[in-house]
Amino acid sequence: MAPIISATQQLPQVSHAVLYSKPTQTGFSLLQSHISYSNRALFHSRSNFRPLKAILNSPSLTKVADDAKEKGEALTLREICLEEVGYAVPTDVQKQALPVLFSGRDCILHAQTGSGKTLAYLLLIFSVVNTQRSAVQALIVVPTRELGIQVTKVARMLAATPTDNDAEQNSCTVMALLDGGMLRRHKSWLKAEPPTIVVATIASLCQMLEKHLLKLESMQVLVIDEVDFMFNSSKQVGSLRKLLTSYSSCNSRQTVFASASIPQHNRFLYDCIQQKWTKRDVVHVHVNPIEPMPTCLQHRFVICSKKQRHQTLLSLLQSDAPKSGIIFVGEQSEKSKKAGNAPPTIDLVDFLKTSYGGCSEILLLEEDMNFNSRAASLSEVRQGGGYLLVATDIAARGVDLPEITHIYNCDLPRTAVDYLHRAGRTGRKPFSDEKCNVTSIIMPEERFVLQRYENELMFNCEELFL
Ligand SMILES: Nc1ncnc2c1ncn2[C@@H]1O[C@H](COP(=O)(O)OP(=O)(O)OP(=O)(O)O)[C@@H](O)[C@H]1O
């Protein structure tokens, strides 16, 4: 663990500092004198006059400075005021991961849903990119367009934070290269001036790589978010392997894998090294392994027959009266599609629109919708106000809607990992102890499956009688 230092202490030579509270004036000058001739980063908060607390890593600056001198690069200090964008205290995963990430080692970030993994890897990226270079220096790969839009938004927010030395800094540009986007516009952008950071889904990324429109030779950091999902997806795994080993080499980049679930993590770690997806000294940062899910979640279940499912959900909604929630529904089977049945999501939306009198808006998000309708649903959700989002598992990974207090599993998720990610769409305020509910509506014969999830994920589910 990196040292927590006090303002009066003699500082080690550092290449990065993350301050989650405002240092005293003396402390601040002291820090600047130690890192201002680095091209690395200073993340801090401005308004809060608490004693200087910093997470530091200590490899000597000299090498950074010498390398830059050799390349004839000007060295600038990148500052991001974290408190201004709502981050005043580091979360556990940030405390544990930042020293590893800043040391330059490859890392598997394995921490609960909603624990702040995105900011951890973005801080690494902002600490290494040099905005005076016109090249793609960081690439973040995500499994869905929805998650890509969200990560891009946070990255752009960090890139836009005003700093004291803005005049010296070129802006850090962030491109969202996502399925369903306007690839023609991206082509012109890439030809004119490569962005500093690219957030991409794998199919769109590979298109650009194959056409040699996007080049990765200057890429310093590669992040694969929801890594277990990507390796498990038959549509994405082939391209992902190519990206990790053919389009770039683990020796020329820092690789970060992130997820709240890394099943069989020892085996995965072994594969990372054997397959050369990462360097040999990759670190597995596993935060709170005995609690795979946030403790603020209360898990409940109701038993009913398949036919009673909608009615049971309605009774639950009427008694919970959630302001905002997600109702997860399983994907429609091929057999049901062939028989010409309406998707179960549409059936449920129709049912709720006619029977549920709650003030929440009923919205739909599923894979088969076109990208515009998907975007419309999510942007309505993000505008605030109450809503119930009826969704398939497309909404189960990474989507961050902190206002959600209730999750309903109208169909039991297929695996414990799916349960963990669905449940993790609530309880997403790192420093809040507000209780959030996850309720599964199950048939009697599914009780033992839920019991298995309880054992695997170490949680307790309470039966509700309506
Ligand atoms: N230091 C912090 N202080 C306050 N809020 C934070 C901090 N770090 C992250 N957050 C907030 O916590 C929420 C969850 O963060 P994030 O989306 O990164 O979670 P995650 O770990 O990636 O979860 P998942 O595994 O579900 O994708 C976000 O709303 C984010 O803004």
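1. In this predicted model, strand S7 (residues 174-177) sends Val174 and Ala176 one way and Met175 and Leu177 the other way, and all of these residues are buried.

2. The partner of S7 is strand S8 (residues 197-201), to which S7 is joined by four bridges, with the two strands running parallel. Within this pairing, Val174 has Ile197 of S8 standing opposite.

3. For helix H14 (residues 371-382), the length can be checked against expectation: twelve residues at 1.5 Å a residue should span 16 Å, and because the end C-alpha atoms of H14 are 16 Å apart, the two figures agree.

4. The residues of H14 that are buried are Arg374, Ser377, Leu378 and Val381. Viewed down the axis of H14, these buried residues fall within an arc of 90 degrees, and therefore they line one face of the helix. The cover over the buried residues of H14 includes helix H5 (145-160), together with strand S14 (361-365) and strand S15 (387-391), whereas the face of H14 turned away from the buried side carries Asn372 and Ser379, which are exposed.

5. Turning to the ligand, 19 residues surround it, and the closest of them are Tyr87, Thr113, Gly116, Lys117 and Thr118. Helix H4 (residues 117-128) supplies the largest share of this shell, namely three residues. Sorted by class, the shell around the ligand holds nine polar, seven nonpolar and three charged residues.

Technical notes
Residues are numbered from 1 along each chain as its sequence is written. This is a predicted model: local features need pLDDT of at least 70, side-chain atom pairs count only at pLDDT 80 or more; totals for chains, interfaces and linings use all residues. The expected span of a helix is 1.5 Å times one less than its number of residues. A residue is buried if 20 or more other C-beta atoms lie within 10 Å of its own, exposed if 12 or fewer, and partly exposed in between; C-beta atoms are placed from the backbone. The arc is that of the directions from the helix axis to the C-beta atoms. Two residues are in contact if their C-beta atoms, placed from the backbone, lie within 7 Å. A residue is near a molecule or strand if its C-beta atom, placed from the backbone, lies within 6 Å of it. Ala, Val, Leu, Ile, Met, Phe, Trp, Tyr, Cys and Pro count as nonpolar, Asp, Glu, Lys and Arg as charged, and the others, Gly among them, as polar. Two strands pair if DSSP finds at least two bridges between them.
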